[in-house]
Structure formats: C-alpha cells, structure tokens
Amino acid sequence: MPAPINTLKQRFQAGDTTFGCWLCFAESATTEVMGTAGFDWLVIDSEHSPNDIRSIRDQLIALEASPSPSVVRVPVGEPWIIKQMLDIGAQSILVPMVESGEQAVQMVRACTYPPNGIRGVGATSTRSSRFSTIGDYMETADDQIALILQVESRAGLAALDDILAVDGVDCVFIGAADLAADMGHMSNALHVDVQAAIMDALKRIKAAGKAPGILSTHDPMTEAAIEAGAQFVAVGADILLLSHSA
C-alpha cells in the first residue's frame with residue numbers, strides 16, 4: 001500500500017486557486033470545528049502559536065475525517081523539526097523565513113528520504129506509516145510531500161529566482177506582514193511599495209511554475225493577489241474569526 005495521496009499537492013499541480021485559513025488556538029477541538037467549515041486547506045501554525053508536537057499530532061488526527069487537507073507550519077526551517085512533523089503524519093509543510101536558494105535546497109532534502117535527501121528512515125513505528133500498516137510508505141512518501149516556502153524579507157525577494165529554481169518546491173508563499181516590516185512599513189502591508197513588491201513576486205512565482213501563496217483579510221488585496229496568480233490564498237485565522245465576531 002502506498003502513502004496517501006496529497007490532494008493539496010495535486011491542486012497545486014493543476015493550477016487551482018484554493019482558499020484556506022490559519023489555525024492558531026493549538027487545540028484539537030477548535031481544529032475539528034474548523035475542519036467542518038469547508039476550507040480547501042487549513043494551516044496548523046507552530047511559528048506564532050503555542051503548539052508542540054503532541055498538540056500538532058492531535059490536530060492532524062482531528063482533521064483526519066475533514067475534507068480540508070492539513071498543512072503544518074514549522075517554527076523554523078530545521079531538518080529535525082521537519083522530520084518530526086512528517087513522522088506524525090503531516091504531508092504538507094510550510095517553512096517560514098526562507099532567504100536563499102541554498103536554504104530551499106536544504107528544506108527539500110529534509111522532506112526527502114535518502115539517497116536524494118536526509119529525512120531519517122524510521123517511519124515503521126510512526127503515525128505517518130499508520131504504524132507499519134502502510135507497507136510501501138517509505139518507498140512512496142517523497143512524491144506525496146508538498147513543500148511550501150515562505151519568503152517574507154527583502155533578502156528573500158532578492159533570492160527569489162534562486163529559490164524558484166529549486167526542484168521539489170511546490171509553493172512559495174509571500175509573508176506580507178514580515179515583508180512590510182522589513183521594508184520599513186510595520187503593520188502596513190497595504191503600503192503602495194509593499195503591495196508592488198508582493199504582486200511582482202506572485203507573478204514571478206506563477207511564471208516559474210510554482211503555486212503562489214498569500215494571506216490577506218483585505219478584499220481588494222485578495223482580489224489583486226488572485227489576479228497576480230495566487231493559488232494558495234489564506235483569508236483568515238481562527239482566533240481572529242472568533243475575536244472579531246465576539
């Protein structure tokens with residue numbers, strides 16, 4: 001039996017525009033509720049949310065019956081963290097703060113078994129192989145991992161062509177808030193210079209054959225991003241949805 005099909009990766013390859021939401025509560029109960037809302041995907045965030053490996057695992061389980069594929073954002077692009085996320089069953093990984101082609105290569109290798117990568121071979125006892133019930137997991141897993149790299153600084157934009165040249169990268173996501181701050185416009189991703197940089201990057205990502213990604217809760221920005229080619233479009237976060245509604 002091969003590794004499960006990654007339907008989000010298939011949609012990237014098909015050029016579909018998809019809409020998702022960030023999960024920041026770090027709670028499986030709220031994640032299960034969000035899984036019923038009909039999003040095309042949901043990001044379990046461990047960069048700015050109080051998640052650990054057990055809470056992420058529990059949220060992956062909570063989304064098992066959901067029609068919304070899960071993505072795990074790791075706190076930092078370290079191979080050992082990515083290895084743990086893959087072993088607990090994540091198939092789509094989002095890495096923040098990518099600023100070079102060399103870093104992009106390392107992230108691809110972290111998601112890939114030897115001899116082409118450095119992912120540790122230990123899935124027989126992990127959730128990813130359903131505890132050895134997926135007999136061909138390690139032979140087939142590489143093809144079902146979706147790697148999303150987050151570019152969110154001037155250095156990242158300067159290296160964008162190098163990042164886009166790396167095979168094995170499925171999506172490049174532009175982090176608007178961090179980019180705005182790095183450009184001297186803290187809390188103002190709508191500044192004209194920031195918007196110009198974002199839209200130019202999305203077009204370049206699309207032209208390179210990767211899926212462009214963005215998070216926007218501002219409808220005109222969202223529409224402009226889609227027009228520029230965005231396919232992986234986040235439109236909110238669970239905590240903001242609750243706090244704004246409350």
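Trp22 is buried, at a relative accessible area of 4%. Here buried means under 20% relative accessible area, exposed means over 50%, and partly exposed lies in between, with a 1.4 Å probe and protein chains only. This is a predicted model, where local features need pLDDT of at least 70 and side-chain atom pairs count only at pLDDT 80 or more, while totals for chains, interfaces and linings use all residues. Residues are numbered from 1 along each chain as its sequence is written, and side-chain values use heavy atoms, leaving out hydrogens and water.

**Aromatic pairs**

How are two aromatic rings described? The distance of the centres and the angle of the planes describe the pair. Rings of Phe, Tyr and Trp (its six-membered ring) pair if their centres lie within 6.5 Å; planes under 30 degrees apart count as stacked, over 60 as edge-to-face and the rest as tilted. The whole structure holds five aromatic pairs. One of them joins Trp22 and Trp41, and this pair is edge-to-face. Trp22 sits in strand S1 (residues 18-23) and Trp41 in strand S2 (residues 41-45), 19 residues apart. Trp41 counts as buried, with 0% relative accessibility.

Trp22 also pairs with Phe173; their planes are at 35°, so the pair is tilted. This pair links distant parts of the chain: Phe173 lies in strand S6 (residues 171-174), 151 residues from Trp22. Phe173 is buried, with a relative accessible area of 2%.

| Pair | Centre to centre | Angle of planes |
|---|---|---|
| Trp22 and Trp41 | 6.5 Å | 75° |
| Trp22 and Phe173 | 5.6 Å | 35° |

Ring pairs join Phe12, Trp22, Trp41, Phe173 and Phe232 into a cluster.

**The whole protein**

The protein has twelve helices and eight strands. Helices (H or I, at least four residues) and strands (E, at least two) are DSSP runs, numbered from the N terminus. Of the 246 residues, 52% count as buried.

Among contacts with a separation of 6 or more, 62% come from residues 24 or more positions apart. A contact means heavy atoms within 4.5 Å.
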